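Please read them with the model open.

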Amino acid sequence: MKGRLALAAWMMGVAGIASAQVSAQEIEININSRYLNFPISHQAERGKMTFEIEDVPNLSVAIRLAPDEADYWVFKDVSEWKGQTITISYEGSDNGLKGIYQADTIAGQDHLYQEKNRPQFHFTTKRGWINDPNGLVYHDGEYHLFYQHNPYEREWENMHWGHAVSEDLIHWKELPVALFPDQLGTMFSGSAVIDYNNTAGFNNDDRPAMVVAYTAHSRERQVQCIAYSLDNGRTFTKYEGNPVIDSKEKWNSHDTRDPKVFWYEPGNHWVMVLNERDGHSIYTSADLKDWIYQSHTTGFWECPELFELPIDGNPHHTKWVMYGASGTYMLGSFDGKTFTPESGKHQYTTGAMYAAQTFTNMTDGRRVQMGWGRISHEGMPFNGMMLLPTELTLRTTKDGPRLFNMPIKESEQLFTLTDKWENVSSDRANELLDAFDQADGLRIKTTLKLSHATNAGFNLCGQRLIDYDMNWNTLNGSFYSPEDMTSMEISADIYIDRTSIEVFIDGGKFSYAMERKPDAKNKEGFHFWGNNIEVKNLEVFRVASIWE
């Protein structure tokens, strides 16, 4: 190409930059390192950046390349293209291109996971934005967490599927991006299954394919697609017959997305639950490619789930649970084609959690979910987080079977009991907690006993972790009635990270999450409040980092 000028060697002082060339709107880089690093400035307007590599489909993203000083840096793993030339064009400031450099480390690698506002026992991505968890599946000793991801900025855009794996659902290793935008659109939410019976024909000898179903989003429509992996999710091949469902005209709506797929053994077929316009649709398939519409349940928005749970652990007494992104659910029956609601809607969680999904293919019979924490982290080059993985169970209550939600047993490895007290006054409890006011992370278990049918609670520097009003039957703004409707007690299991707080009430009967935002001017620290309340139980746990 014509008109390229040699890039000056002063750029970032990085060896390997001398192998790049630049023109007014593009640069060429001979890849000899693992990463390309990009300077980002939120004072810059977004511009279109396109990557061109021989025999690889072009990838275009929106990015705010910093023309001078960067707010932070993001990266792209280019290790699979070592020895090749990549051409990067940018419809923005020329100076932004000049800041790009390659290296075997990402910018900021030396203090990765040690940043001031990096959550210490919740998954966050190294850089960029994350939202919905996608493709949660267990396979070959690994739990897979795919997620909605913008690798190029800490705000929403450019949806890819990020990827992380874990052996225990607690300690996660981030892997390279799994799915990239293509000619059908950007990669919206979806799910993953293991095709043991080779119904789709993608398997390789005795190696079953991991098949993901996802939405490709464009301005014109949202369509459903599949892709498969034969290397445990490290790389994917998109099905050449995509899309497998295109239902915009059927629903007269652009909003058709977020396929959740599972195997329905009694019918010997696959089921897809798909959010379409005003609720969740059921489709069935023998091969993951050809799908037949069966039924529709109105009243849900985005991120569908449908699964069966035993009531009180009895495998002969079960209900099916259908929910959407918001934490409301219905209970009912399912015959493989139609979900029949029997009760609901009910609510088991509220607050910062959104778009939770459950793992498929777990071998121990548990139903484990993870949800997106809609929580930002001030001054950080990343945004959003995954909340604690929790086990969902159905238990008998005074109102009928209801969904309970508690952190999984594997999380116990992170917490060490340091102090425990019983039957103390609120004033004494506040004194005992003085030593923990500034803790980065903490777990607190407590049971309060009210003396009046009014309100009482528990604060951290003015932020109300528990605000329980017996008169109005509200708990942090939501209606709540304990199992014993005359009980004067309420228990809470509270998980406090650097930027988030999760609270599980009365053994998981209700839960909520919030951003950790104490009043900087409030110096009271942890503070029980209420009319002559008693703290019947108080336990404090130190927390280990998942990044150590």
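1. The second largest cavity has a volume of about 80 Å³. A cavity here is a set of points on a 1 Å grid over the protein atoms alone, where a 1.4 Å probe fits but cannot get out. Volume is the space filled by probe spheres set on the points, which are joined across faces, edges and corners.

2. This is a predicted model: local features need pLDDT of at least 70, side-chain atom pairs count only at pLDDT 80 or more, and totals for chains, interfaces and linings use all residues. Numbering runs from 1 along each chain as its sequence is written, and side-chain values use heavy atoms, without hydrogens and water.

3. Residues lining the second largest cavity include Pro133, Asp258, Lys260 and Cys303; a lining residue has an atom within 4 Å of a point. Strands β10 (128-139), β14 (186-195), β18 (256-264) and β27 (353-358) each give two or more residues to this lining; strands are DSSP runs (E, at least two residues), numbered from the N terminus.

4. The largest cavity has a volume of about 90 Å³. Its lining has 15 residues, with Met353, Leu387, Asn405, Glu502 and Phe504 nearest the centre.

5. Which residues does aspartate 469 touch, leaving out those up to four places away in sequence? They are Thr454, Asn455 and Thr474, with contact meaning heavy atoms within 4.5 Å. Aspartate 469 lies in strand β36 (residues 463-469).

6. Aspartate 469 is buried (under 20% relative accessible area, 1.4 Å probe, protein chains only). It has no salt bridge (a side-chain nitrogen of Lys or Arg within 4 Å of a carboxyl oxygen of Asp or Glu). The nearest side chain of opposite charge, arginine 464, is 8.1 Å away.

Methods
Helix = DSSP H or I, 4+ residues; strand = E, 2+ residues; numbered from the N terminus. Buried < 20%, exposed > 50% of the residue type's maximum accessible area, 1.4 Å probe, protein only. Lys, Arg positive; Asp, Glu negative; His and termini not counted. 1 Å grid on protein atoms, 1.4 Å probe; cavity = no way out; pocket = protein on both sides within 12 Å on 5 of 7 lines; lining within 4 Å.
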